[in-house]
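I opened the model today to look up a few residues. My notes follow in the order I took them.

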Amino acid sequence: MPEEIFDCIIIGGGPAGCSAGIYAARFGLKTLLLSSPDTLSQAEHAADIENYPGFKKIHGAELVAKMREQAASAGVKIADAKATSIIDGKLKTVHTEGKHYSGKSVIIATGAAHRKGGVPGEDEFAGKGVSYCAPCDGPLFKGKPVVVWGGGDSALSYAVYLQGIGCKVTLVHRRKDFRAAEALVKKAASSGVKFTLERTVAEIKGKKFVESVVLDDKSVIKVSAIFISIGEVPAVELARSAGVAIDAASFISVSPSKATNVPGIFAAGDVTVTPFRQIATATGDGTIAALSAFKYVKGG
């Protein structure tokens, strides 16, 4: 049986990857989307999303599920598989655990993972009160005191969500000012979130489970959980395997057309150098990458 060859292989099932898939399929490209079942996109970790056009409020996981459903209905073949390497050549070969796929072009939309705090107790209490996903684990701590560590949109969104489901939230941020949107800061304050500013977490303590958080001024906050949201680490291992250029901050360097330095390999979303990491910008990136892949495959 001859090898199945795709016009475009998309790696990553988040907003950028789904958007790329929808447009690639609509452009007439035979498209495969590889989405690892054990790796959620940043959007799927989000609680209530209120800034994506068309939805006044929607849960992140629900929004991404709708995007994947639309991609599948457009004709995208979706495989639950984790890509492990990309081999460049006349055809691009994407290896997964136990299988490989060949394509004329590849779009890398692997996103970014949560950044760890690197403090004592973090690894010890992972899954025992240390979490990086408020919507995933927040319901376990209803009515209990928790800390959210961070000052960006995700951290403030986590704080609002946790306060809304009945947690008693203290938000710890190392600066006086927030990186988050002013609307989110105001919403957190009005919902009752307590701000502890110009402080950072130094240690997480407990016995079997998290019991307290020690700050850098030696003060102690008694909590049942800490939700860490202090940035992202781009998932660029696959890009490196194909010789794709990575910048000093470990993001994929792309042109305005989302092309990388390797012909036929494009990148979109949070894994790339971009001034604004939002769902709306990720879907835009995916759209542009799909158009560029179409032009590359069709020779235009």
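**Thr 260.** Which residues does Thr 260 touch, not counting residues up to four places away in sequence? I took contact to mean heavy atoms within 4.5 Å. I found that Thr 260 touches Val 244, Ile 252, Ser 253, Val 254, Ile 265, Phe 266 and Ala 267.

Before going on, I noted that this is a predicted model, in which local features need pLDDT of at least 70 and side-chain atom pairs count only at pLDDT 80 or more, while totals for chains, interfaces and linings use all residues. I also noted that residues are numbered from 1 along each chain as its sequence is written, and that side-chain values use heavy atoms, with hydrogens and water left out.

I placed Thr 260 in the loop between helix 7 and strand 21. Helices (H or I, at least four residues) and strands (E, at least two) are DSSP runs, numbered from the N terminus. Thr 260 counts as buried because its relative accessibility is 11%. The classes I used are buried for under 20% relative accessible area, exposed for over 50%, and partly exposed in between (1.4 Å probe, protein chains only).

I then looked for polar contacts, meaning a pair of N or O atoms within 3.5 Å; within protein, one must be able to donate a hydrogen and the other to accept it, and residues adjacent in sequence count only if both atoms are side-chain atoms. The side chain of Thr 260 reaches the backbone oxygen of Ile 265 at 2.7 Å. A polar atom of the Thr 260 side chain also lies 3.1 Å from the backbone nitrogen of Val 262.

**Lys 258.** I looked in the loop between helix 7 (237-241) and strand 21 (265-267) again, where Lys 258 has its place. Is Lys 258 buried or exposed? Lys 258 is buried, because its relative accessible area is 12%. I found its side chain joined to that of Asp 285 by a polar contact of 3.1 Å. Leaving aside neighbours within four places in sequence, Lys 258 is in contact with Phe 266, Ala 267, Asp 285, Ile 288 and Ala 289.

**Gly 286.** Apart from neighbours within four places in sequence, Gly 286 is in contact with Ala 16, Ser 19, Ala 20 and Ala 268. I also checked Gly 286 against Val 119, 167 residues apart along the chain, and their C-alpha atoms are separated by 36 Å.

**Positive phi.** Most residues other than glycine have a negative phi. I looked up two residues with a positive value.

- I read a phi near 55° for Glu 198. Glu 198 lies in the loop between strand 15 (194-197) and strand 16 (201-206), and counts as partly exposed at 47% relative accessibility.
- I read a phi of about 75° for Ser 250. Ser 250 is found in the loop between helix 7 and strand 21, and is partly exposed with a relative accessible area of 27%.

I found Lys 205 in strand 16, partly exposed with a relative accessible area of 40%. Lys 205 touches Phe 125, Val 210, Glu 211, Ser 212 and Val 214, not counting residues up to four places away in sequence. How far apart in space are Lys 205 and Glu 124? They are 9.3 Å apart, C-alpha to C-alpha, and 81 residues apart in sequence.

Ile 221 lies in strand 18 (residues 220-222) and counts as buried at 17% relative accessibility. Leaving aside neighbours within four places in sequence, its contacts include Val 147, Thr 170, Val 172 and Glu 211. I noted 9.8 Å between the C-alpha atoms of Ile 221 and Ile 204, 17 residues apart along the chain.

**Whole chain.** I counted 8 helices and 21 strands in the chain. Of its 300 residues, 49% count as buried. Among contacts with a separation of 6 or more, residues 24 or more positions apart account for 60%. I noted a box of roughly 65 × 35 × 35 Å, taken along the principal axes, for the C-alpha atoms.
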